[in-house]
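Here are my notes for someone opening this model for the first time. Keep the viewer beside you and go point by point.

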Amino acid sequence: MNINPVLVLAPIFLTTELLSLALCMVLASLRSSGLPGVRQWLLANVAVVVYLPLLGLRDIIPDALSIVLANGMLALSAACYYAGCAHFLGQPPRWKYLLAGAALQVLAVVYWRYGFNSLPLRVMAVSAYAAVVCTATAWLMLRHYTGRRNSVHYRLLTGLSCLFAMAQIVRSIYFGMMQPEPTHIMLASGWNVVLLCIGAAIMPALSMAAVLMLHEALQTEAEEAANRDFMTGALSRKHLFATGQQFILQAAATRRPLTLLLIDLDHFKIINDTYGHAAGDEVLRAFADMVGEHLRGRDVLGRLGGEEFAVLLPDASVASAQLVAERLRLRAQQHQVVSSFGTCHYSISIGVAGWLGGESFDQLCQCADQALYQAKNSGRNRVHTSQAELALLPQSA
């Protein structure tokens, strides 16, 4: 089947140009987000916007522009796209290799236009570089993506990179079989038109996948901000209660222990009155950082409000939680917070409660709160355990 390539490719290239322009505007609007990779992805689409008109003016403008410069812009677009993915994932962009490959492609295009004029060899050089960059992009995503592994956007970008790499390899082989020089019938074949259409769709499709990943990253940041206390970085009260209920469901399903520590900074009002509220905020931040250093990976620190915090210890018995609480108490007692306001000492009181089964998280918090009240009522700077849990601990002879 032979198709007039001009009739098919003209609207496709126009559509690609408009899509690339739209993506340029979208990516330009995302530059203020501060997310890595946006600038490089924007440059990749700008290069495509320049490339398509140059390619479309073939036989109207000099070949140095419509062939050499056009394919140079295409190589630059691929390099910028990979660099954007690398920046987004926190990896080195490897500009040295990207630009070296792009330069080799341009030199190959120059030679096979002016040294030994061969359209198939030019296409093979361009397709080979695009295939390498697409393969490298897919490998980069598979190795270093640390977001939501079930993310459809991550899978889309990786899958598209693999698909386009394969398409470029097929196109390179197809033109390699046209040696020494393709006829008009070969260029007008359905296969060639399909491969050209796929090639035109590469950058807009990959860029849309990148925009979706940026949107997902912004959404994750917004969720993280909503779920975290802005001052200390601990979980917010609302998210702590949601997490606590999830932990209870897991403990019920696995029959594993779950323990809660409620912590109150002793006489915190005196710290605010003596050193100022800015100093009090600094003490809260320093305390949260200190607690974080002593917790396991699955343990959770949350701020209930003011100077009251909670620590969830999954898979921890009451006895082991008492040891953690005592370690935190001793560390807080020795902790010196040094800042512009001077040096401040503080202590903490802790209430310990273990989940006994059948309780809600609110009920678990009430047990820990009663224990905390006993610790504060007994002179502060001490650890108390809920009476229900004390009854279950083994008694010494």
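1. Start with Val 283 and what surrounds it. Setting aside neighbours within four places in sequence, Val 283 is in contact with Leu 265, Phe 268, Ile 271, Val 337, Cys 344 and Tyr 346. Val 283 sits in helix 11, which covers residues 277-293. Is Val 283 buried or exposed? Its relative accessibility is 0%, so Val 283 counts as buried, the cut-off being under 20%. One of its contacts, Cys 344, lies 61 residues away along the chain, yet the two C-alpha atoms are separated by 7.8 Å. Bear in mind that this is a predicted model.

2. Strand 4 (residues 336-339) and strand 5 (residues 342-345) run antiparallel and are joined by 4 bridges. The hairpin they form has 2 residues between the strands. To trace the pairing, look for Ser 339 opposite Gly 342, then for Gln 336, whose bridge partner in strand 5 is His 345.

3. Strand 6 (residues 348-354) and strand 7 run parallel, with 3 bridges joining them.

4. Glu 326 pairs with Arg 329, and their closest N and O atoms are 2.5 Å apart. The two are 3 residues apart in helix 12, so about one helical turn separates them. Glu 326 is partly exposed at 30% relative accessibility, whereas Arg 329, at 12%, counts as buried.

5. In helix 10, Asp 273 and Lys 269 are 4 residues apart, about one turn, and their side chains meet at 2.8 Å, N to O. Asp 273 counts as exposed at 54% relative accessibility, and Lys 269 is exposed too, at 60%. In helix 11, Arg 285 and Glu 282 are 3 residues apart, again about one turn, with their closest N and O atoms 3.1 Å apart. Here Arg 285 is partly exposed at 30%, and Glu 282 is partly exposed at 27%. The count of salt bridges comes to 11.

6. A word on backbone angles. Most residues other than glycine have a negative phi. Arg 94 has a positive one, near 55°, and is placed in the loop between helix 3 (63-88) and helix 4 (95-115). His 267 also has a positive phi, near 50°, and belongs to the loop between strand 1 and helix 10 (268-275). Arg 94 is partly exposed, with a relative accessible area of 47%, and the value for His 267 is 47% as well, which makes it partly exposed.

7. On the surface, find Leu 14, Leu 18 and Leu 21. They form a nonpolar patch with about 280 Å² of accessible area together. Leu 21 belongs to helix 1 (residues 5-29), and with a relative accessible area of 37% it is partly exposed.

8. Finally, the chain as a whole. It has 14 helices and 7 strands, and buried residues make up 47% of its 397 residues. Among contacts between residues at least 6 apart in sequence, 71% join residues at least 24 apart. The chain exposes about 19,700 Å², and carbon and sulfur atoms supply 63% of that area.

How values were computed. Residues numbered from 1 in each chain as written. Predicted model: local features only at pLDDT ≥ 70, side-chain atom pairs only at ≥ 80, totals over all residues. Heavy atoms only, no water. Pairing = 2+ DSSP bridges. Buried < 20%, exposed > 50% of the residue type's maximum accessible area, 1.4 Å probe, protein only. Contact = heavy atoms within 4.5 Å. Areas by Shrake-Rupley, 256 points an atom, 1.4 Å probe, with all protein chains shown as cover. Patch = residues over 30% accessible without salt bridge, like charges linked within 9 Å, V, L, I, M, F, W, Y side chains within 5 Å. Salt bridge = Lys/Arg side-chain N within 4 Å of Asp/Glu carboxyl O.
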